[in-house]
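Subject: Structure handover

Hello,

I am passing on the structure below, followed by notes on what was found in it. Please keep it open while you read.

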Amino acid sequence: MNKTIQTVESAAAGSAFLIEDVYPLIDGGRFAVKRITGDRVEVWADVYRDGEAVIGAALLWRREQDREWHREPMTHHGNDRWSGAFVPAEAGPYVYAIEAWTDEFATWSHGVARKQRCGADVTLDAIEGAGLLTKAHGAPQDAAAVIIRQCEDYLQSGDVSPLLATELGAAMAESQSRPDLTRSPSFPLIIDRDKARFGAWYQMMPRGQSRMPGQHGTLRDCIARVPGIAAMGFDVLYFTPIHPIGNTRRKGRSNAPVASEGDPGSPYAIGAAEGGHDALHPELGTIEDFRALVATCLEYGLELALDFAVQCSPDHPWLTQHPEWFKWRPDRSVRTADGPYSDIVIPDFNSVDRAGLWNAFRDAMLFWIDHGVTIFAIDNHDTAPLPFWEWLIRDIRRRHPEVILFSKTFARPKLMKGLAKLGFAQSFTYFPWRTSRWELEQYLGELTRYPERDFYRPNLFVNTADVLPYHLQGGEAWAFKSRLALAATLSGNYGIYSGFELLEHEAIPGREEHVDSEKYRIKQRDWDRPGNIKPYITALNRIRNENAALQQTANLRFLDGEDGGTIAFVKESAEPANTAIVVIALSRHVREFWLPLGDVTVDAGRRRHHVTALENLLTGEQSRVEWGGVRLRIDPDHDPALLFRGLA
């Protein structure tokens, strides 16, 4: 049996320090922690060595591509627990690490002070301390001046007091050699811009924006809708795919396996003779129209997000240009997807030329980035392996750290979390299927605890082009408002699919799908149709924009209200100090109930105070908090949500 034998010499050469229990850290540093530009990144760790020596610790950080480290001192909090912080100003990939060393001069100083308290003679100790001053190398000018002055005072007086001066200890701390300096491994960190944390998304089908019945919409029609979407308070305009649609195996209305004449097909069957992932559907317009759309969005404070699906129609140019990128059947026909997705072909991401295929998808994304797209919603992750996504995210982030990639998939829970760990800035959730109070509290509690809160940013969509949840199929305005308020206040990011504001609710019987889905036909709407809830959406988005507490997800705490038909929670932001208290009805019944607030505090003048009043964010009315709580009344038909600001 072979055994590794450690010699005395190799053991003695090992590190004197242990650096453990580092926070934040995802899977031991395998994946990056996520933060936002301008946020204070706090790092904690256990740092210790044997004996009674005084040690020092520093937090190191830098952008991944840089060579020079920035250093911030770490503070000791007792029981060998240390913390430090830094504030990155730019988006992109970073790394951080922890250094520890023995502060020899401080160790000497503490020992001398202890002897003095016991009345012991410290003459020899003073000589040793003066000798330590010779280990100060490369000291800054101010520190060097202190060291020289205190050394001269000691030599002239023979008194140890000048060597124990506080300013000398500080000068030596930054100047003396550190022979046992120990550095932890480097840990990855991703800094995203603020849009990754806070945004209101409006998804729509571009071809359905014409006001002429049966006429294919254009990008110019989309431009005409931008002011109205911005007026509702949305800041992300999210398009389904805008590429040419294949004819082979094209789907008909309601996902019929055979299309009729004039059926437009599914926009997710990407690619035709006119081009593939870097081409526009010809009926939408030209690339100049696209640039005009991007410019109009920016003018109204919106960013454009595109669906990006790594799949092809059987007519995609790549099938003839690069047949090696696909799987072929014995009769030389291409292998298509199964069942309801037979109009698409899944590329072979492990083909002999996988580098060419991977680069082609990356280059298609870069094409749209060059034309002003800053956000991509990645569809159908199951069509590509995890290593592809990790590579694509890293490559795009290295080139364009401002770009946000949104994981748009309802997959198995661990796969969804795994994709988030790989670097997606936002992720879909199971929110559409969480309806009861205990389900919402359990699920959001899961997403906002550690370690999920450090890598998973939920985007709560209330409906999608594919999903029309059962609780919306009754078409009741209170239910639409309740779900909207839940999504918009529980999470910093939320979204709706167009038609939600019109209370569209017709579904295939027994299924959570839109009847005669817009995915397979051209649909026009009257966007000002009576009964719409656009004013409610507008008011809710205004309140979100005015309250920093509602612009984040992680700092969320549920309240123990007595009424199980409502859900209540507190959200708080530190900069600026803002506390929001939200109560939302989960059923239609009018109810009065007591909401306890006894342990809810607010930041006022940098001090914590118990909340003494609630200010209604919609009406401005104030309610006094008495006996540790407040009695509330909620009428869902009028408004299923009560939104308050906590006052000290």
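Start with helix H6: at 1.5 Å a residue, its 13 residues should span 18 Å, and its end C-alpha atoms lie 19 Å apart, which agrees. Please bear in mind that this is a predicted model.

**Helix H6**

H6 covers residues 219–231 and lies across strands S11 (199–204) and S12 (236–239), running at about 145 degrees to S11. Helix H7 (residues 287–299) also packs on the sheet, where H7 touches S12 and strand S13 (303–309). The direction of H7 makes about 130 degrees with that of S13.

H6 has a bend of about 35 degrees at Arg225, and a proline, Pro227, follows within four residues. The buried residues in H6 are Leu219, Cys222, Ile223, Arg225, Val226, Ile229 and Ala230. What do the buried residues of H6 pack against? They pack against S11, S12 and H7.

At the start of H6, a side-chain oxygen of Thr218 comes to within 3.3 Å of the backbone nitrogen of Arg220. Just after H6, Gly233 has a positive phi of about 100 degrees.

**The eight-stranded sheet**

S11, S12 and S13 belong to an open sheet of eight strands with parallel pairing, in the order S16-S15-S14-S13-S12-S11-S18-S17. Strands S16 (426–427) and S17 (459–461) stand at the edges with a single partner strand each, so one side of each has no neighbour in the sheet.

Within this sheet, strand S14 (residues 375–379) runs parallel to strand S15 (residues 404–408), and five bridges join them. One of the residues involved is Ala377, whose bridge partner in S15 is Phe406.

S20 pairs in the antiparallel sense with strand S19 (residues 556–558) over three bridges, and Phe558 stands opposite Phe569 in S20. S20 also pairs in the antiparallel sense with strand S21 (residues 578–585), over eight bridges. Here Val570 stands opposite Ile581 in S21. A hairpin of four residues joins S20 to S21.

Regards

Terms used
Residues are numbered from 1 along each chain as its sequence is written. This is a predicted model: local features need pLDDT of at least 70, side-chain atom pairs count only at pLDDT 80 or more; totals for chains, interfaces and linings use all residues. Side-chain values use heavy atoms; hydrogens and water are left out. Two strands pair if DSSP finds at least two bridges between them. Helices (H or I, at least four residues) and strands (E, at least two) are DSSP runs, numbered from the N terminus. Contact means heavy atoms within 4.5 Å. Axes are lines fitted to C-alpha atoms, for helices over the stretch in contact, and angles run from 0 to 180 degrees between N-to-C directions. The expected span of a helix is 1.5 Å times one less than its number of residues. The bend at a residue is the angle between axes fitted to the seven residues ending there and the seven starting there. Buried means under 20% relative accessible area, exposed over 50%, partly exposed in between (1.4 Å probe, protein chains only). A polar contact is a pair of N or O atoms within 3.5 Å; within protein, one must be able to donate a hydrogen and the other to accept it, and residues adjacent in sequence count only if both atoms are side-chain atoms.
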